[in-house]
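Thanks for coming, everyone. Let me put today's structure on the screen and walk you through it.

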Amino acid sequence: MEAKLGKFFESVTNFFTGGDQIPSCDRDIVAGCEQEVREAQEGSNEELKNECIMRLSWALVHSKQPEDVQRGIAMLEFAFAASLGTNTSPLKLREKLYLLAVGYYRCSEYARSREVVEECLKVYHPVILTSPPVFPGC
């Protein structure tokens, strides 16, 4: 109970002080995702393996441990590079880029995070960053 109260007061303090508003994961969640990946590796369903790896990547970049965040970034960079030559859906590509941007942000690499967010927006809607906005009636 005391631990839950501590987390509550920490979240309230972060809210009022402008602290990190990105959700975070603890070691138990990361360990659970790692176990899912190990179990999925034994099967032959490629889609399940990819889903488990993406969940693990999400948990790693949202971890409070800097080494986990670095592992998540490495996994996502590899996954992004592997998907460039393939017929990956824009939604999956955007998800990888978004998580990569979160990882860079969590490592205080703000400029790199912004670059990746801009790439993410280009994947989602190529017109967003290539032309000025058009406002009706202007």
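So, what do we have? The protein has six helices and zero strands, and along the sequence the pattern reads α-α-α-α-α-α. Helices here are DSSP runs of H or I with at least four residues, strands are runs of E with at least two, and both are numbered from the N terminus.

A quick word on the source. This is a predicted model, with local features needing pLDDT of at least 70 and side-chain atom pairs counting only at pLDDT 80 or more, while totals for chains, interfaces and linings use all residues. Residues are numbered from 1 along each chain as its sequence is written, and side-chain values use heavy atoms, with hydrogens and water left out.

Of the 138 residues, 25% count as buried. Buried means under 20% relative accessible area, exposed means over 50%, and partly exposed is in between, using a 1.4 Å probe and protein chains only. As for contacts, meaning heavy atoms within 4.5 Å, residues 24 or more positions apart account for 50% of those with a separation of 6 or more.

Now please look at α3. This helix has 16 residues and reaches 23 Å from its first C-alpha to its last, close to the 22 Å expected at 1.5 Å a residue; the expected span is 1.5 Å times one less than the number of residues. At the start of α3, a side-chain oxygen of N45 comes to within 3.1 Å of the backbone nitrogen of E47. The buried residues of α3 include C52, M54, L56 and L60, and the buried set packs against α2 (27-42), α4 and α5.

Which element gives the largest share of the lining of the largest pocket? That is α3 again, with seven residues. For the record, a pocket is an open set of points on a 1 Å grid over the protein atoms alone, where a 1.4 Å probe fits, with protein on both sides within 12 Å along at least five of seven lines; lining residues have an atom within 4 Å of a point. The largest pocket holds about 480 Å³ of space, where a volume is the space filled by probe spheres set on the points, and points are joined across faces, edges and corners. Its lining has 17 residues, with N50, E51, I53, M54 and K96 nearest the centre. The elements giving two or more residues to this lining are α3 (46-61), α4 (66-83) and α5 (90-106). By class, there are eight nonpolar, three polar and six charged residues; Asp, Glu, Lys and Arg count as charged, Ala, Val, Leu, Ile, Met, Phe, Trp, Tyr, Cys and Pro as nonpolar, and the others, Gly among them, as polar.

Just after α5, S108 takes a positive phi of about 65°.

S63 sits in the loop between α3 and α4, and S63 counts as buried because its relative accessibility is 2%. Beyond its neighbours within four places in sequence, S63 touches C25, V30, D68, V69 and R106.

Technical notes:
A polar contact is a pair of N or O atoms within 3.5 Å; within protein, one must be able to donate a hydrogen and the other to accept it, and residues adjacent in sequence count only if both atoms are side-chain atoms.
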